[in-house]
Amino acid sequence: MTQRSKPVVTVLTAPGEQEPPGMDSLRARAEVRFASDEATLRSTLPGTDIMMVTDFRTEALEAAWGCADKLKWIHATSAGVDALMFPALTKGNVVVTNARGIFDRTIAEYVLCTILMFAKDFPASIRLQMKHQWKHRDTERAEGKQVLVVGAGSIGRQIGRLVASAGLRPHGIARTARKDDPDFVAVHGNDDLYNQLGHADYVVIAAPLTPQTEGLFDEKAFKAMKNTARLINIGRGPIVKTDDLISALTSGEIAGAGLDVFEEEPLTDDHPLWDMENVIMTAHMAGDFIGWKRALTDQFLENFDRWHNSEELFNLVNKELGYAGSK
């Protein structure tokens, strides 16, 4: 195969981000270009057959979309593809795939860890340790508590499976109800959300960001939850209205929140969430494990093999729904 006959792959990274690991094996089979903003993308998109997008917040692709004259396939190295769901792409013929499956288990581990930290009051124990204070307390049992996973897809299924192994009772929320699901006590339809919120001890947001889920957790949702319940968000920040969450936490409408994602990232230094003792926070890292960047490249290369052999790609995103179905 001559250099001229190789497909052209443009890798769109965030400004200042390093080249993804594992690119050398791709260079042997494709012409690889790199872009990090609208300007560089406008110069690299013409002639590009495939895009690998590592910047899940990017707005550059929509801005430079008019330069995509040969583009056939976009692969997002993230589970969420909300930044790519602009009208020209969703209505066109370009295929989109995502990183479904890479982060499922580690996110499930994060959720179980957060549940146990709340149940065993570890945030207070850490604060007391830092103050050199010895204070005995009784803590809760996690076993038997009900976990409502909002978004019973790939990540949600792993969460259900793992929390069940620890003795908790997982229920799911999905577009349609499912009977006899192996990983949930029951999977309820979206229209049953508010009823199910009233039964849950832990509510886990594992849904993608779509027009239907943006702002879903607002004052109404928090009023539907038990005042002993905790919210855990590992989905997308804008699914939760932050001001309504802060009000619910301050008033005791809900008991706590474990947050890995936020409406605005990073949080400002003076954001009230920092100082709330009933909040556990991390910096959008729930799924990131040692070696995750190489795992994302390897997944893309596996799909590239399929594309090269004219086989069906896996992790195809339904552009109308904004997320991928089963592999």
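Predicted model: local features only at pLDDT ≥ 70, side-chain atom pairs only at ≥ 80, totals over all residues.
Good morning. I begin with Glu277, which at 56% relative accessibility counts as exposed. The side chain of Glu277 meets that of Arg127 in a salt bridge, with an N to O distance of 3.7 Å. This pair links distant parts of the chain, 150 residues apart: Glu277 sits in the loop between strand 11 (256-259) and strand 12 (279-281), and Arg127 belongs to helix 6 (residues 122-130). Arg127 is partly exposed, its relative accessible area being 28%.

Is Arg230 buried or exposed? At 11% relative accessibility, Arg230 counts as buried, whereas Glu140 is partly exposed at 28%. Elsewhere, salt bridges with shared partners join Arg157, Arg161, Arg178, Asp181 and Asp183 into one network.

Within helix 5 there is a local example. Arg105 and Glu109 form a salt bridge at 3.4 Å, N to O. The two are four residues apart in this helix, and therefore about one helical turn separates them. Arg105 is partly exposed, with a relative accessible area of 42%, and Glu109 is likewise classed as partly exposed, at 40%. In the whole structure, the search finds 23 salt bridges.

I turn now to the aromatic residues. How many aromatic pairs does a search of the whole structure find? The search gives seven. In one of them, the ring centres of Phe103 and Trp292 are 6.0 Å apart and the planes stand at 55°, so the pair is tilted. Phe103 lies in the loop between strand 5 (95-97) and helix 5 (104-119), and Trp292 in helix 11 (residues 292-308), so the contact ties together parts 189 residues apart in sequence. Phe103 counts as buried, at 9% relative accessibility; Trp292 is partly exposed, at 24%. Ring pairs also link Trp73, Phe300, Phe304 and Trp307 into a cluster.

Finally, the surface. Glu214, Asp243, Glu263 and Glu264 gather there in a patch of negative charge. Of these residues, Asp243 lies in helix 10 (residues 242-251) and, with 60% relative accessibility, counts as exposed. Thank you for your attention.

How values were computed
Residues numbered from 1 in each chain as written. Heavy atoms only, no water. Patch = residues over 30% accessible without salt bridge, like charges linked within 9 Å, V, L, I, M, F, W, Y side chains within 5 Å. Areas by Shrake-Rupley, 256 points an atom, 1.4 Å probe, with all protein chains shown as cover. Salt bridge = Lys/Arg side-chain N within 4 Å of Asp/Glu carboxyl O. Lys, Arg positive; Asp, Glu negative; His and termini not counted. Charge placed at Lys NZ, Arg CZ, Asp CG, Glu CD. Buried < 20%, exposed > 50% of the residue type's maximum accessible area, 1.4 Å probe, protein only. Phe/Tyr/Trp six-rings, centres within 6.5 Å; stacked < 30°, edge-to-face > 60°.
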